Amino acid sequence: GVDRADLVYEQQGLEVHQGLEVTATGKLTGRLTAVGGFTVMQARIENAPQNLRIDGKIPVNVPERQARAYFEYLIPGLDGLTGSLGVNYFGGRPVDELNTAFLPDAVTVDLGMRYQTVLFGQDTTFNLRVSNLFDEAYWSYVRIGDGMLLGTPRTVAGFVKVSF
């Protein structure tokens with residue numbers, strides 16, 4: 001952490017992270033693929049002799065829960081067209097060393113389409129993606145001394161990839 005007396009960043013204890021992370025990938029049907037996972041964690045600061053007030057506290061910007069699910073579906077009757085849906089859960093996390101305030105939980109949804117074909121003899125992929133579909137306002141990051149960073153608003157992106 002930052003020593004408030006001289007504003008120098010220095011080690012003020014150990015961060016101990018213990019928990020469970022589970023991820024899975026698989027085909028649910030011949031056309032539907034799923035990728036997902038979740039993390040449940042207990043993170044604490046230990047052995048902080050310079051600042052006993054933070055001993056046992058959750059480290060700044062560390063969520064104790066988070067999860068993601070992503071699905072891809074091959075659209076029937078339209079060879080090469082795939083739709084995707086992603087759901088992201090960000091658990092609340094402390095914004096200060098003493099854990100007096102926490103960023104709230106947030107959920108974002110992503111939607112996409114991908115079309116794969118051959119153009120002029122080259123494998124070509126067209127992608128269109130909408131991130132944060134519902135334009136959820138959330139804080140994505142906090143760092144002591146630098147402030148907080150807003151999460152990415154609704155973003156639409158498209159690109160073409162040609163393999164040769």
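## Basis of the model

Residues are numbered from 1 along each chain as its sequence is written, and side-chain values use heavy atoms, with hydrogens and water left out. The model is predicted: local features need pLDDT of at least 70, side-chain atom pairs count only at pLDDT 80 or more, and totals for chains, interfaces and linings use all residues.

## Strand pairing

Strands are DSSP runs of E with at least two residues, and helices are runs of H or I with at least four residues; both are numbered from the N terminus. Two strands are taken to pair if DSSP finds at least two bridges between them.

Strand S3 (residues 14-27) runs antiparallel to S4, and 14 bridges join the two. A hairpin through four residues connects S3 to S4, and Ala24 stands opposite Gly36 in S4. S4 also pairs with S5 in the antiparallel sense, over nine bridges; here Val35 stands opposite Tyr70 in S5.

Arg93 lies in strand S7 (residues 93-94). Arg93 is buried yet has no salt bridge, the nearest side chain of opposite charge being Asp105, 7.2 Å away. Buried means under 20% relative accessible area, exposed over 50%, and partly exposed in between (1.4 Å probe, protein chains only). For charge, Lys and Arg count as positive and Asp and Glu as negative, while His and the chain ends are not counted.

The side chain of Arg93 reaches two backbone oxygens: that of Trp139 at 2.9 Å and that of Ser140 at 2.8 Å. Residues touched by Arg93 include Asn61, Val62, Pro63, Phe102 and Tyr141, not counting residues up to four places away in sequence; contact means heavy atoms within 4.5 Å.

## Salt bridges

A salt bridge is a side-chain nitrogen of Lys or Arg within 4 Å of a carboxyl oxygen of Asp or Glu. The count comes to four salt bridges. One of them joins Glu64 to Arg44, with the closest N and O atoms 2.8 Å apart. This pair links distant parts of the chain, since Glu64 is in the loop between S4 and S5 and Arg44 is in strand S4, 20 residues apart. Glu64 is partly exposed at 21% relative accessible area, and Arg44 is partly exposed at 22%.

Glu72 and Arg114 also meet through their side chains in a salt bridge (2.9 Å, N to O). Glu72 lies in strand S5 and Arg114 in strand S9 (residues 106-119), so the pair ties together parts 42 residues apart in sequence. Arg129 forms a salt bridge with Asp110, the closest N and O atoms being 3.2 Å apart. Arg129 belongs to strand S10 and Asp110 to strand S9, so this pair ties together parts 19 residues apart in sequence. Arg129 is partly exposed at 36% relative accessibility, whereas Asp110 is buried at 11%.

## Aromatic pair

Rings of Phe, Tyr and Trp (its six-membered ring) pair if their centres lie within 6.5 Å; planes under 30 degrees apart count as stacked, over 60 as edge-to-face and the rest as tilted. The count comes to one aromatic pair. Phe90 and Tyr138 form this stacked pair, at 5.5 Å centre to centre and 10 degrees between the planes. Phe90 is in strand S6 (residues 81-90) and Tyr138 in the loop between strand S10 (122-131) and strand S11 (139-143), 48 residues apart. Phe90 is buried at 19% relative accessibility, and Tyr138 is buried at 14%.

## Asparagines with positive phi

Asn61, in the loop between strand S4 (32-46) and strand S5 (65-74), has a positive phi near 70 degrees and is buried at 17% relative accessible area. Asn132, in the loop between S10 and S11, has a positive phi near 55 degrees and is buried at 3%.

Note on methods:
A polar contact is a pair of N or O atoms within 3.5 Å; within protein, one must be able to donate a hydrogen and the other to accept it, and residues adjacent in sequence count only if both atoms are side-chain atoms.
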